Amino acid sequence: MLKNIIRWHSINTALGLLLLLPSPGNTSTPAGRPSSHHNQSWFKNVTHAAGIHEPHHVRRFDNAYAEIMQGYTKLGAAVAVADYNGDGFEDLFVTDSCTTCKNHLYRNNGDFTFTDVAEQAGVANGNDKTNASAGALWFDFNNDGLPDLFVARFGHSILYQNMGNGRFRDVTKAARLDRYFNAIKAIAFDYDKDGYVDLFIGSYFQPLDIFHPATPRFFPESFENANNGGGVTVLHNNGDGTFTDVTSRVGVLTTGWTLDLGHGDANDDGYDDLYVANDFGTDRFFLNNGNGTFTDKTETAIGFDTKKGMNADWGDFDNDGLLDIYVTNITDEYMREGNFLWHNNGNLTFTDVSRETGTYETGWGWAGKFFDYDNDGWLDLYVMNGWVSAGADDYIPDIFAMITRPGVDFADARNWPPIGGKSLSGYEKKRLFHNDHGHFFKDDAARHGLDSTKDGRGIAVADFDNDGRLDLFITNAGDEPFLYRNVLPTGAHWVGFILQGTKSNRMAIGAQIRLTANGKTYLRYVNGGNGFASQSTAHVNFGLAKTTRIDAVEIRWPSGLAQKLPPLTADHYYKIIEGKSPIAFKPRKAKP
């Protein structure tokens, strides 16, 4: 009996390596159609009308292991949001992956159309024979008030400095970032509270040339422990335009196959902690000690797991004043892992409540984002799903034939069968979970036309038309993206905050806002890029339902300043400069 248990456990975990399988290309089905409740849909697909429909292209490798390596670029469709030119409208940077493909910088024209200005801005050329774009992050590394751009790449990543005239310059070498990261994810936050945001890079592979590998043995050595992944690199911002690798010094030590990073203040001590979602190897939770170092609290905080972690987003889903964490894994007919919804217990331990809340099973999960789409005061959750959508034949029998053969070396790429035109966990619907007062989530994706079966990856949440309703941009691997405009009927009130640090970092990453209205207190914060292949707005939005008056607002800045604001009126954006009185304004709205 024990042998059978071990055997099936090995089969289950071995299937996780399917992340590395080849993609047959752009063969996914059309977008999911709205249900019969179309008249109740609160999102409108405006992708083509907005001029933002250029597809993502998978990378084609040219080496001895190309047939198995195609799956790597199924991880390259990413999006990042920021108002790079300061015109009051949020813009988008979107990655592509093929050798000759260009990345896109979509400038928001203010009328819910966008223009790709990547070429003239100098940020289009992110792909070549030895590099492939995999992720992106906006962050103000030099505190000049202009969001700069970091492009995470398999190979060497790029740091672009925003020059303030619509153009960027490559400062990678000057910043001491010119090294082989094989990066797939980057987030930024000021872990030591010196006023400059630091850079945390997640790498899937070790720093070896995956485009021309010298050996076929560069797959995970163990599906459970996976001590040969890329792990996490911590780069301290020196405040002079340069960064220093302090990974060992600060104690963030992990060699898992990292897919996502997320930060948040788990114990409300004013210092942001770190969650690492590892595909192979257990997820990790690092506590910020407040002295420039971290302690690995994985065992006591979340426990060790053998699941395939792909997403790490933080948010207070039950409005208890503590930040919770949502992690996607793989849940399919052959791999029943289930997602994690880590409820923060308030004592540096977390309890998985995904089953109880209805967020456990989504499919082959990717990005998952908290946001209040209906402005009712409760954080909802949108989740991307699906791996390879192709032909009618299923790839699973081929995998089982391989893993049931004795003596197979799974670390050797040559032992894996080619997928050809077969599907693997394909045509999976995306999920939009509506939050029912922090107790249960109901999937409303079909109702709102958000249940596409394309192979989803990244999610960007932002108010692109400045109307107080949060819109969505999502990326699909090997396919066109979707831009959904939120057309929720008016009646649900809201308030938004745009923060600017002075003693704190300029983008106020890590700042917490506690808002009290109608006897209830809500917590939101500025995060520096949480979510797989995703970066959402740095603006902080609160849904207020029927409430029109905000009784109290407290901002806890990264510097340690606790700033209290006077009562405010709903349906406005407020610009808050650290330590100064709020400025109420209504940004220019996009034309209907």
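Author: Let's begin with β3 (residues 91-94) and β4 (residues 104-108), which pair in the antiparallel sense over three bridges. Strands here are DSSP runs of E with at least two residues, helices are runs of H or I with at least four, and both are numbered from the N terminus. Two strands count as paired if DSSP finds at least two bridges between them. Within this pairing, V94 has H104 of β4 as its bridge partner.

Before going further, the ground rules: this is a predicted model, where local features need pLDDT of at least 70, side-chain atom pairs count only at pLDDT 80 or more, and totals for chains, interfaces and linings use all residues. Residues are numbered from 1 along each chain as its sequence is written, and side-chain values use heavy atoms, with hydrogens and water left out.

Now zoom out a step. The two strands belong to an open sheet of five, ordered β5-β4-β3-β2-β34, with mixed pairing. At the edges sit β5 (114-116) and β34 (534-535), each of which pairs on one side only. In a regular strand, side chains alternate between the two faces of the sheet.

The loop between β4 and β5 holds F112. The phi of F112 is near 65°, positive even though the residue isn't glycine. Most residues other than glycine have a negative phi. F112 has 5% relative accessibility, so it counts as buried; the scale is under 20% relative accessible area for buried, over 50% for exposed and partly exposed in between, with a 1.4 Å probe and protein chains only. N319 also has a positive phi, about 55°, without being a glycine. Its place is the loop between β18 (313-315) and β19 (324-327), and N319 is buried, with a relative accessible area of 15%.

Next along my tour is β6. Eight of its eight residues are buried, so β6 is largely enclosed by the rest of the structure. Seven bridges join β6 to strand β7 (residues 148-154), and the two run antiparallel. There, G135 faces A152 of β7.

That brings in the aromatics. Rings of Phe, Tyr and Trp (its six-membered ring) pair if their centres lie within 6.5 Å; planes under 30 degrees apart are stacked, over 60 edge-to-face, and the rest tilted. The count by this rule is 31 aromatic pairs. Take W138 and F168: their ring centres are 5.9 Å apart and the planes make 55°, so this pair is tilted. It links distant parts of the chain, with W138 in β6 (residues 132-139) and F168 in β9 (residues 168-170), 30 residues apart. Both W138 and F168 are buried.

R355 lies over the face of Y360 at 4.0 Å from the ring centre, and R447 over the face of W42 at 4.6 Å.

H448 touches Q40, S41, W42, F43, Y373 and L432, leaving out residues up to four places away in sequence; contact means heavy atoms within 4.5 Å. H448 is buried, with a relative accessible area of 0%.

F43 leads us to the largest nonpolar core, which has 60 residues; F43, F154, F371, Y382, L424 and L472 have the most contacts inside it. Such a core is a set of buried Ala, Val, Leu, Ile, Met, Phe, Trp, Tyr and Cys residues joined through side-chain atoms within 4.5 Å. Elements giving two or more residues to this core include β6, β28 (456-462) and α7 (396-403). The biggest share comes from α7, with four residues. Another core, of 56 residues, lies apart from it and has A186, V234, V252 and A511 among its members.

As for the whole protein, there are seven helices and 41 strands, and buried residues make up 64% of the 592 residues.

Note on methods: A charge sits over a ring if NZ of Lys or CZ of Arg is within 6 Å of the ring centre and within 35 degrees of the ring normal.
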